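Please keep the sequence and the structure in view while reading.

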Amino acid sequence: MALSEAAKTVQAALLAKGLETPMVPCKLSNDERKLQIEGHIRDILQLMSLDLTDDSLADTPKRIAKMYVDEIFSGLDYQNFPKITVIDNKMGFDEMVRVQDISLTSTCEHHLVTIDGTATIAYLPCKKIIGLSKINRIVRFFSQRPQVQERLTQQVLVALQALLETKDVAVKIDAVHYCVKARGVMDSTSSTTTTALGGIFKSNPATRAEFLHP
């Protein structure tokens with residue numbers, strides 16, 4: 001199946017800026033991937049001394065394989081890029097559009113554990129206006145990958161800039177990393193904030209302040 005024009009536009013923009021998630025080609029179908037992942041997960045669990053004949057564990061490798069391909073890593077496949085509705089800004093709207101408290105769940109690419117947080121997105125319309133729910137869907141698409149928060153923030157920014165044909169986009173993500181909370185230092189209260197600012201949000205202190213401190 002051919003990629004949508006929106007998916008091709010976004011992918012090209014990320015590649016041009018060196019912000020695409022590191023990936024290599026894989027010609028296997030999703031079903032073939034699941035089958036191989038299932039086998040590898042089975043081996044890992046057995047190496048951890050788990051008894052996969054137990055009825056609670058027997059289907060765990062299959063469940064994990066399905067979860068990886070169809071859910072938490074589905075954003076690695078641009079076939080899953082959301083259908084985007086972008087319309088001409090015929091009304092000449094030129095004030096800030098801001099969507100806040102967008103929930104996101106991603107996966108830390110260093111330990112494959114959860115990143116849990118929220119995103120705030122804003123843009124100043126120029127030629128185009130995007131359907132509001134599409135902003136949430138773009139955040140979700142890029143969250144459904146192994147990620148580092150800094151790259152995720154930049155990917156959402158560049159995707160929206162490419163689709164809206166404007167640099168005037170801002171992204172802020174606040175998240176808790178379970179690689180910090182549940183292992184290692186085991187800090188249960190800290191969170192991480194990252195921002196990516198484009199156009200007037202970067203050059204104009206008043207606009208930046210309006211976005212960051214509404």
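Where is the place of Ser74? In this predicted model, Ser74 sits in the loop between helix H3 and strand S1, the latter covering residues 86-88.

**The chain as a whole**

The protein chain contains eight helices and seven strands. Its C-alpha trace spans about 65 × 45 × 30 Å along the principal axes. The chain has 214 residues, and 41% of them count as buried. Its accessible surface comes to about 12,100 Å², and carbon and sulfur atoms hold 54% of that surface. Among contacts in the chain with a separation of 6 or more, 70% are between residues 24 or more positions apart.

**Ser74 and Gln144**

Ser74 has a relative accessible area of 8%, so it counts as buried, the cut-off being under 20%. Setting aside residues up to four places away in sequence, Ser74 touches Tyr68, Val69, Asn80, Phe141 and Gln144. The C-alpha atoms of Ser74 and Thr153 are separated by 18 Å, and these two residues are 79 residues apart along the chain.

Gln144, one of the residues touched by Ser74, also lies in a loop, between H4 and strand S5 (146-147). Is Gln144 buried or exposed? Gln144 is buried, with a relative accessible area of 16%. Apart from residues up to four places away in sequence, Gln144 touches Glu71, Ile72, Phe73, Ser74, Gly75 and Leu76.

Ile138 is part of helix H4. Its relative accessibility is 0%, and therefore Ile138 counts as buried. Which residues is Ile138 in contact with, leaving aside its neighbours within four places in sequence? They are Phe81, Pro82, Ile84, Ile130, Ala159, Leu160 and Leu163. Lys83 is 55 residues from Ile138 in sequence, and the C-alpha atoms of the two are 9.5 Å apart in space.

Thr194 belongs to strand S7, which covers residues 192-197. With a relative accessible area of 11%, Thr194 is buried. The side chain of Thr194 makes a polar contact of 2.7 Å with the side chain of Thr153. Not counting residues up to four places away in sequence, Thr194 touches Gln149, Glu150, Thr153, Val171, Lys172 and Ile173.

**Two residues with positive phi**

Ser49 is not a glycine, yet its phi is positive, at about 70°. Ser49 is placed in the loop between H2 and H3. Its relative accessible area is 68%, so Ser49 is exposed, the cut-off for exposed being over 50%.

Leu112 is another residue other than glycine with a positive phi, in this case near 55°. Leu112 lies in the loop between S2 and strand S3 (114-123). At 45% relative accessibility, Leu112 counts as partly exposed.

The table collects the accessibility of the residues discussed.

| Residue | Relative accessible area | Class |
|---|---|---|
| Ser74 | 8% | buried |
| Gln144 | 16% | buried |
| Ile138 | 0% | buried |
| Thr194 | 11% | buried |
| Ser49 | 68% | exposed |
| Leu112 | 45% | partly exposed |

**Pockets**

Rolling a probe the size of a water molecule over the atoms shows where empty space is left. The largest pocket has a volume of about 740 Å³. Its lining has 23 residues, and those nearest the centre are Cys26, Arg33, Ile37, Phe73 and Leu76. Helix H2 (30-47) and helix H3 (60-72) are the elements that give two or more residues to this lining. Which element gives the most to the lining of the largest pocket? That element is H2, with six residues. By class, the lining has 14 nonpolar, six polar and three charged residues.

The second largest pocket holds about 190 Å³ of space. Its lining includes Ile72, Asn136, Arg137, Ser143 and Gln144. Strand S2 (97-108) and helix H4 (132-143) are the elements that give two or more residues to the lining of this pocket. S2 supplies the largest share, six residues. How do the residues of the lining of the second largest pocket divide? Three are nonpolar, seven are polar and two are charged.

Methods
Residues are numbered from 1 along each chain as its sequence is written. This is a predicted model: local features need pLDDT of at least 70, side-chain atom pairs count only at pLDDT 80 or more; totals for chains, interfaces and linings use all residues. Side-chain values use heavy atoms; hydrogens and water are left out. On a 1 Å grid over the protein atoms alone, a cavity is a set of points where a 1.4 Å probe fits but cannot get out, and a pocket is an open set with protein on both sides within 12 Å along at least five of seven lines; lining residues have an atom within 4 Å of a point. Grid points are joined across faces, edges and corners, and a volume is the space filled by probe spheres set on the points. Helices (H or I, at least four residues) and strands (E, at least two) are DSSP runs, numbered from the N terminus. Ala, Val, Leu, Ile, Met, Phe, Trp, Tyr, Cys and Pro count as nonpolar, Asp, Glu, Lys and Arg as charged, and the others, Gly among them, as polar. Buried means under 20% relative accessible area, exposed over 50%, partly exposed in between (1.4 Å probe, protein chains only). A polar contact is a pair of N or O atoms within 3.5 Å; within protein, one must be able to donate a hydrogen and the other to accept it, and residues adjacent in sequence count only if both atoms are side-chain atoms. Contact means heavy atoms within 4.5 Å. Accessible areas come from the Shrake-Rupley method with a 1.4 Å probe; for residues, only the protein chains shown count as cover.
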